[in-house]
Amino acid sequence: MSNTRKQIFMPFLYALLVATGVFIGRNFIKAPSSGGSNPLMIYPQSSKIATLINLIDEEYVDTVDREAIEEKVIPQILKNLDPHTVYIPAKDLNKVNEELQGSFGGIGVQFTMQNDTVMVIQVIQGGPSERVGLLPGDRIVAVDDSIIAGKNIGTDAVMKKLKGEMGTEVKVGVLRRPNKDLIDYKITRGSIAINSVEVSYMINESTGYIKVDKFAQNTYQEFLTALAKLKANNCKEVIIDFRGNSGGLLDVAIRLCNEFLPAKDLIVYTEGKAQKRLDVKANGAGTCQDTKVIVLIDEFSASASEIFAGAIQDNDRGLVIGRRSFGKGLVQQQIPLPDGSALRLTVARYHTPSGRCIQKSYENGNDDYYEDIYKRYEHGEFFNQDSIQFDDELKYTTKNGRTVYGGGGVMPDIFVPRDTTMLTDYFAKLRMNGVIYRYALEYTDNNRQQLEKYNSAETLEQYLNTQSLLSDFLRYAKDKGVEYKRDEYQTSKQLIEVELKAYIARNMIDNEGFYPIIQQLDDVLIKAIEEAGKIES
């Protein structure tokens, strides 16, 4: 065929092919219809999931909310991965991130609901509310001229009204005893820190204590401040409490570990299908390389808490005391999505210095994974160390040759069982109905002027020991529907008395009052104090 004939013929050939393709598409790639004129098109360039959603969106008999379908489908897809890969809807992202960012916009008060009214327990020092004159014990009965007292409004709804963007203004109406007139305050919202270091104090002349609640952006600086406070009081050994700490930011855990380890000691390494092995070692600049350290963990210590405990244990740097930790050895990366939502995708596993991955199995699905804690309890693990069995194939050794195991949390060097000797049905009813907490709140509210004379846990407890707390409390409990049972009360008496004093102290001087008193009931901490006394300087 000559070039001239090709030039004439080829356009007709292309047109024929296109027409044939359209004919095939219209007459063969469709489902049976009842005579409708709109064919069902296939999207070969898309995945089956995207194709399915497109078909539903364009061809389904009724109008559908495509976004709502996607919001339901995505979590179902992720359930087929690991339990820690999660989707965060746009509406929830700010709330989820606040915990890790370490701050939010608010007025700076701690409050509780008492008799359907917002009662201020603490006013944050230097915060917006303190600057305008709010005081502990104040009742917030109105927000922006809307009455909230007596409306059966929940804590979350109150938070939503009081929180907001920094620099915005909120008006609150306050009742202050003994006055009956409403006091109006205009408060400009500011940056309110979410503290991740709950408390630090000296237990005795040489031993300090730090309670870390989470690993957020501000945790490292808070931790350094707590350490400096203890060192100023001649702290020789420090007990770091990670019980109940579910983790947070990996790099923050690394920075905390770095304070205690000498140069070139391995802290952790991470590795994943798309991520090469990355070793993280101490740089030798830590401020506590010569400070003796004891780490407390329990079944709710996870992730970053386990990285710290594992690094201390595997490097034989200190003691780990308590009960076996949760067992989360996966690393997530938060990936923003176009609509303001986000995906927390597991991208690697982390390994402690000995090489162990402490991630527990999730082969049987998410429900089974999280129910593992209850199975441990039923199996007796919380009470008996011998009930815990590890796979010999997951055996590793520490720097000094001690045996440790992977595959299911960090096993402490010293196991301390949960103490249930003071628990009774009578105490359980008090706890279930919140009677101890409510009594402590009312006692504080009615005796605030006297209690303000004491600014430490020690002096406040000495004063409370002179008061008839227990006899008054028993009458209160009976009025609240908990019948007195003499034998059970005698068994739980110390538990009730210490909790009463600890809650009253927290109402007055926050955690600086609570923890030094409640430690009388804390067998794990008591054991740690005992072990700290054995450590040679």
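Trainee: Which strands form the open sheet, and in what order?

Mentor: Welcome to this predicted model! Six strands make up the open sheet, running in the order β10-β11-β12-β15-β16-β21, with mixed pairing.

Trainee: What makes β10 and β21 edge strands?

Mentor: Count the partners. β10 (197-202) and β21 (414-415) each have a single partner strand, so one side of each has no neighbour in the sheet.

Trainee: How do you know that β12 and β15 are paired?

Mentor: Pairing calls for at least two bridges between two strands. Strand β12 (residues 237-241) and strand β15 (residues 292-297) are joined by five bridges, so they count as a pair. The two strands run parallel. To find one of these bridges, look at Glu237, whose partner in β15 is Lys292.

Trainee: Which helices pack on the sheet, and which strands do they touch?

Mentor: α7 touches β10, β11 (207-212) and β12, and its direction makes about 10 degrees with that of β10. Helix α9 (residues 304-314) touches β12, β15 and β16 (319-322), and its direction makes about 135 degrees with that of β15.

Trainee: Why is α9 called largely enclosed?

Mentor: A residue is buried when its relative accessible area is under 20%. Eleven of the eleven residues of α9 are buried, so the rest of the structure largely encloses this helix. Among the buried residues are Ile307, Phe308 and Ile312, but also Glu306 and Asp314.

Trainee: What follows α9?

Mentor: Asp316 comes after the helix, and its phi is positive, near 50 degrees.

Trainee: Why is Gln101 called partly exposed?

Mentor: Set its value against the two cut-offs: under 20% is buried and over 50% is exposed. Gln101 has 39% relative accessibility, so it counts as partly exposed. This residue lies in helix α4 (residues 90-101). The C-alpha atoms of Gln101 and Gln217 are 5.4 Å apart, although 116 residues separate them along the chain.

Trainee: What volume does the largest pocket have, and which residues are closest to its centre?

Mentor: Its volume is about 1,600 Å³. The pocket is lined by 50 residues, and those closest to the centre are Gln110, Ile124, Ala193, Asn195 and Asp510.

Trainee: Which helix gives the largest share of that lining?

Mentor: Helix α7 (residues 219-231) does, with five residues.

Trainee: How do the lining residues of the largest pocket divide by type?

Mentor: There are 21 nonpolar, 16 polar and 13 charged residues in that lining.

Conventions:
Residues are numbered from 1 along each chain as its sequence is written. This is a predicted model: local features need pLDDT of at least 70, side-chain atom pairs count only at pLDDT 80 or more; totals for chains, interfaces and linings use all residues. Side-chain values use heavy atoms; hydrogens and water are left out. On a 1 Å grid over the protein atoms alone, a cavity is a set of points where a 1.4 Å probe fits but cannot get out, and a pocket is an open set with protein on both sides within 12 Å along at least five of seven lines; lining residues have an atom within 4 Å of a point. Grid points are joined across faces, edges and corners, and a volume is the space filled by probe spheres set on the points. Helices (H or I, at least four residues) and strands (E, at least two) are DSSP runs, numbered from the N terminus. Ala, Val, Leu, Ile, Met, Phe, Trp, Tyr, Cys and Pro count as nonpolar, Asp, Glu, Lys and Arg as charged, and the others, Gly among them, as polar. Buried means under 20% relative accessible area, exposed over 50%, partly exposed in between (1.4 Å probe, protein chains only). Contact means heavy atoms within 4.5 Å. Axes are lines fitted to C-alpha atoms, for helices over the stretch in contact, and angles run from 0 to 180 degrees between N-to-C directions.
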